[in-house]
Amino acid sequence: MCCDLKRRFLLLYATQKGQAKAIAEEIEQQAGAHGLEADMHCMSEMDKYNLEAEKDPVVIVISTTGTGDPPDTARKLVKKIQDKTLPPDHFAHLQYGLLGLGDSEYTFFCNGGKTVDRRLQELGARRFYGTGLADDCVGLELVVDPWIDGLWLALKEAFLLQKEKGGMSASAVTNSLSSVPCEHKPDLTSKIQQLKLEEEGVRSSNVLSQKLIDVNLVTPAQDTEPSLVHSVPPISQSALNVPALPPEYIEVQFQDTRGEDPGLASLISEGAVFEVPVTKAVQLTREDAIKTVLLIELDISGTTFDYQPGDSFCVICPNNANEVEELLHVLGLSEKGEHFVCVKVKQGTKKKGAAHPQHIPERSTLKFLLTWCLEIRAIPKKAFLRALVECTSDAGEKRRLQELCSRQGASDYTRFIREPNVCLLDLLRAFPSCRPSLNLLIEHLPKLQPRSYSVSSSNLFQPGKMCFVFSIVEFPAYPTRAVSWRGVCTGWLAELVGPLLHANKNSQDAKGGSPLTEKIPIFARPSCTFHLPADPSVPLMMVGPGTGISPFIGFLQHRQKLREEHKDWGFGETWLFFGCRHQDRDYLFKQLRCFLESGTLTHLKVCFSRDLPAAEVTPPKYVQDMVRLYAKEVARILLKEGGYFYVCGDKKHMADGVSDAVVDILSAEMGADRLEAMKVLATLREAKRYLQDVWS
């Protein structure tokens, strides 16, 4: 039961990667300073709360995953409230405030939160506080921080209204709450950090444990330019508002070296993990291409793994071995790597609702923990920086870490940590007197997420095989990082298949080399919608520049096999728009001509954005330009023939451009304004006839 002297509110979070949970925990920690008690639960824990009977205000923090889906932990509740038989006053008793997390790089920005918000409104619930939509593209904190600041005043007024309606004694409310009225619809835009709370109670209530840091702790430096390790006025001379120190809640005990590490299947909560061998690896790009693209073929014949063209799957990947070794060295634990550690919740912790992290085994070797469980390259959140302050002995380094996690240092945090993808190792190199404990890393580093890839093959065309295509991700060097980085998963895969690639270069047979002995752990992530039409006579258009072509290779393989096996079937026309930088360097699948010659592919339209035009007339540079050239065909297939339109690839620089092109085409062909054309495109999306598989 919550403390009688504090008013309770229900705090629900739904998270995919841990951000929503971290924000909910921040709200929970701040609540006490405002005379409130947060009853916090993951949205999936439906046995611990009941919205149908909830009388207190509800605060919801929810992220978005995939192409606008709610997180896995929200699906049960979303399914429940989507029940069409529920009456419009089902939640008439409910008052709530919602904070949605998303990324504007994607089409369905914050759609997880919007879906819940919209449905609660339809069922009669009332907002006691304006909905916040935080954008990870520019920095969640730009909306999250001021949204939390304004939440307390909104909650207090919600309790006062509750008192007026429910007959609670006025003294019970006023003893614990300030009755200062507030504005509940703050302007939650990218400029929101300029919001200033005028309420004296909030200014003095230590809302973020506003600890005033002595500016004389550090001798002013002579440098005039700020950096990760150095600040300049005004922040270097300012008193700082830093977050509350998160209470420690994990206890780590070292044991001996006897035993076995958990299996990789224990790292995921749903589905079966299959460890499969690599049978083929090919570099699809020339050595002088800007990006290196690889194709990998997996042997799934000895498993029950199944897929359809258009599906995705996940690779369980390890952290870079050299980085793990360096981290062990910096932590002074090099000799303990093979020792088992037992992880428990600390007895007597002040963290409310402290629980053993689901992604952390109760017992494993230290090296297993750092290799397979924790995202050691994650960008440290401000709460982590605040905890690192307490592990830092040098006064100057301590002050700079305080600045970076403070409200006054928001722009420095974005510029020197968020934008350059600074990670824990970078910080430990930059602040050598910082020596965090292992339990702190377990508390603050998120789960090492499996990486998702689109399938680039058809099980019908290649039984027992599954292919996928990817670019090797490259991160440039940084002042605290002497060499460039490769992506965690793509770098590991490239290193893993190196022997096969080397064998291919020394063999005329592209399948040269023996299968690798090391296997790749994978699990299924089937798509609900990004599949071929059930009716093969329906025409379709596919737009996939670069590695965006990957799922369409599977589409074409599948369609070709169907044509061979069912000669009496009717097949609709197929269009493919492909683009890359240079025809001779990164034209990934020149064998597309084979599909064209067999009739499986009706139209192939390609463009090369960096090649100089050979003709006087400049050809289209990008796929969206090519789509515009065939406006009448696009309109015919979408408006008259009930066709499908697929887009796969980069969201910001391609998919949005294609979407704009289709809107312009529909507008011109229908003789309607752009708004009407946008409504038609929205209808096509709703009907699952305009489909996207995009990434940022």
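Modeller: Let's begin where helix H21 ends: just after H21, Gly 671 takes a positive phi of about 65°. Keep in mind that this is a predicted model, where local features need pLDDT of at least 70 and side-chain atom pairs pLDDT 80 or more, while totals for chains, interfaces and linings use all residues. Residues are numbered from 1 along each chain as its sequence is written, and side-chain values use heavy atoms, with hydrogens and water left out.

H21 runs over residues 651-670. (Helices, H or I with at least four residues, and strands, E with at least two, are DSSP runs numbered from the N terminus.) With 20 residues at 1.5 Å a residue, H21 should span 28 Å, and its end C-alpha atoms sit 27 Å apart, which agrees. (The expected span is 1.5 Å times one less than the number of residues.) At the start of the helix, a side-chain oxygen of Asp 650 comes within 2.6 Å of the backbone nitrogen of His 653.

Which residues of H21 are buried? They are Lys 651, Met 654, Ala 655, Gly 657, Val 658, Ser 659, Ala 661, Val 662, Val 663, Ile 665, Leu 666 and Ser 667. Buried here is under 20% relative accessible area, exposed is over 50%, and partly exposed is in between (1.4 Å probe, protein chains only). An α-helix has 3.6 residues a turn, so residues three or four places apart point the same way.

Arg 399 lies in helix H10 (residues 395-405), and with a relative accessible area of 4% Arg 399 is buried. The side chain of Arg 399 makes a polar contact with the side chain of Glu 403, at 2.7 Å. (That is N or O atoms within 3.5 Å; within protein, one must be able to donate a hydrogen and the other to accept it, and sequence neighbours count only if both atoms are side-chain atoms.)

Now for the charged pairs. The count of salt bridges comes to 37, each being a side-chain nitrogen of Lys or Arg within 4 Å of a carboxyl oxygen of Asp or Glu. One of them joins the side chains of Asp 39 and Arg 8, at 3.0 Å from N to O. This pair links distant parts of the chain, with Asp 39 in strand S2 (residues 36-42) and Arg 8 in strand S1 (residues 7-14), 31 residues apart. Both Asp 39 and Arg 8 are buried.

Asp 288 and Arg 585 form another salt bridge, at 3.7 Å from N to O. Asp 288 is in the loop between strand S8 (274-283) and strand S9 (293-299), and Arg 585 is in helix H17 (residues 583-586), so the pair ties together parts 297 residues apart in sequence. Asp 288 is partly exposed at 39% relative accessibility, and Arg 585 is partly exposed at 27%.

Then there's Lys 367 with Glu 338, whose side chains meet in a salt bridge at 3.3 Å, N to O. Lys 367 is in helix H8 (residues 366-373) and Glu 338 in the loop between helix H7 (321-330) and strand S11 (340-345), 29 residues apart. Lys 367 counts as partly exposed at 25% relative accessibility, as does Glu 338 at 46%. Salt bridges with shared partners also join Arg 7, Arg 8, Asp 39, Glu 54 and Asp 56 into one network.

Rings next. The whole structure holds 22 aromatic pairs. Phe 9 and Trp 152 have ring centres 6.4 Å apart and planes at 65°, so they pair edge-to-face. (Rings of Phe, Tyr and Trp, using its six-membered ring, pair with centres within 6.5 Å; planes under 30 degrees apart are stacked, over 60 edge-to-face, the rest tilted.) Phe 9 lies in strand S1 and Trp 152 in helix H4 (residues 141-166), so this pair ties together parts 143 residues apart in sequence. Phe 9 is buried at 0% relative accessibility, and Trp 152 is buried at 0% too. Elsewhere, ring pairs link Phe 530, Phe 552, Phe 555, Tyr 644 and Tyr 646 into a cluster.
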